[in-house]
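Subject: Structure handover

Hello,

Here is the structure for your files. My notes on what turned up follow below it.

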Amino acid sequence: MKLHLFNIANFKVDGGAMFGVVPKVLWSRVYPPDNNNLIVLKLRSMIVETAGHVILIDTGWGDKQNKEFFKHVYLHGGEGLIEGLKHRGYRPEDITDVFLTHLHADHCGGSVKKGDNDGKYELTFPEATYHVSHAQWDWAVKNNLREADAFLEENILPIGKSGHLNLIEKSGELFPGFSLMICYGHTPGLMIPFIRYKEKTFVYTGDLIPTIAHIQLIWNMSYDIESLKTIEEKQIVLNEALNNDYIFVFQHDEHVECCNLEMTPKGIRAKEKFEFSA
Ligand SMILES: [Zn+2]
């Protein structure tokens, strides 16, 4: 098995929305906002090579929408999706599997691009099977007012039409050393990957625990559809990770790539922060 982690891009989002009911005086101390109350998030993707598969986890915002749309996203820095892959020796054709934790635009947008010649939507990774949970697929296609800004037709429907979609029904192993847990609090059908590598287990915590600050059980995004479920699911993942010495890999944290955990009088907290290395 081979593992890589890279940052596609940084973007900005409202700090209050990222921390839900947590008062600003508390969250702003650990995650300082800019003058517009925005905080910087990263978009780390992981590449997992195992048993003849080259799996890409999440694909960032992509670039299909117009300037007006991206004005509110404040994209800056990062390696870019295709460039980040290239720096690690992969072409788009080399990706055999795209694993989408869920279908919010910052997680799946890079999966579909405008064709070079005709501008028609096509898969960015033409050889890949695209994995989405069945629960998330049905939920996103049906759409709803709360998530309408995040579930964009142009990111989602071309995957369905391509015939490359694999719907995942349940938690468990998908590839050797690569398992997933299906969650429902952030959005129904969010998939969290657990990757077993050289005696270590990496948990790509995605939008369940987007930054190190979200380890605290009630520090949750106001984007979550069902906060109480998020808390329950975080509790399960935190306990399992603490008991088995798993390593968390943060998709969105601006500064922290990884941490392990320890029990404190206040509950489970980060122990050491460190850079990803495999
Ligand atoms: Zn999300």
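V98 is found in strand β4. Strands here are DSSP runs of E with at least two residues, helices are runs of H or I with at least four, and both are numbered from the N terminus. V98 is buried, because its relative accessible area is 0%. Buried means under 20%, exposed means over 50%, and partly exposed lies in between (1.4 Å probe, protein chains only).

Some ground rules. The model is predicted, so local features need pLDDT of at least 70 and side-chain atom pairs count only at pLDDT 80 or more, while totals for chains, interfaces and linings use all residues. Residues are numbered from 1 along each chain as its sequence is written, and side-chain values use heavy atoms, leaving out hydrogens and water.

**Zinc site**

Which atoms hold the zinc ion? They are H102 (NE2), H104 (ND1), H186 (NE2) and D207 (OD), at 2.1 to 2.2 Å. Donors are N, O and S atoms within 2.8 Å of the metal (3.2 Å for Na, K and Ca); water is not among the atoms, so sites may look incomplete. Along the chain, the donor spacing is H-x1-H-x81-H-x20-D. H104 sits in the loop between β4 (97-99) and α5 (105-108), and D207 in the loop between β12 (200-204) and α8, so this pair ties together parts 103 residues apart in sequence. Both H104 and D207 are buried.

The angles among the four donor atoms run from 89 to 174°, and the site is irregular. For the cut-offs: four donors are tetrahedral if all angles lie between 85 and 135 degrees; four are square planar and six octahedral if opposite donors are over 155 degrees apart and all others between 65 and 115; anything else is irregular.

**Aromatic pairs**

The whole structure holds 11 aromatic pairs. W61 and F69 form an edge-to-face pair, because their ring centres are 5.9 Å apart and their planes stand at 75°. Rings of Phe, Tyr and Trp (its six-membered ring) pair if their centres lie within 6.5 Å; planes under 30 degrees apart are stacked, over 60 edge-to-face, and the rest tilted. W61 is buried at 13% relative accessibility. F69 is partly exposed at 22%.

F194 and Y246 are also edge-to-face, with centres 6.0 Å apart and planes at 75°. F194 lies in strand β11 (residues 190-197) and Y246 in the loop between α8 (227-244) and β13 (247-249), so the pair ties together parts 52 residues apart in sequence. F194 is buried at 10%, and Y246 is buried at 12%.

Ring pairs also link F11, W61, F69 and F70 into a cluster. F70 lies in helix α3 (residues 67-71) and is buried at 17%.

K12 lies over the face of Y74, 5.7 Å from the ring centre. That call needs NZ of Lys or CZ of Arg within 6 Å of the ring centre and within 35 degrees of the ring normal.

**Sheet**

Seven strands form an open sheet with mixed pairing, in the order β9-β10-β11-β12-β13-β14-β15. Two strands pair if DSSP finds at least two bridges between them. The edge strands, β9 (172-175) and β15 (267-274), each pair on one side only. β9 and β10 (residues 178-183) run antiparallel and are joined by three bridges. F175 has F178 in β10 as its bridge partner.

Best wishes
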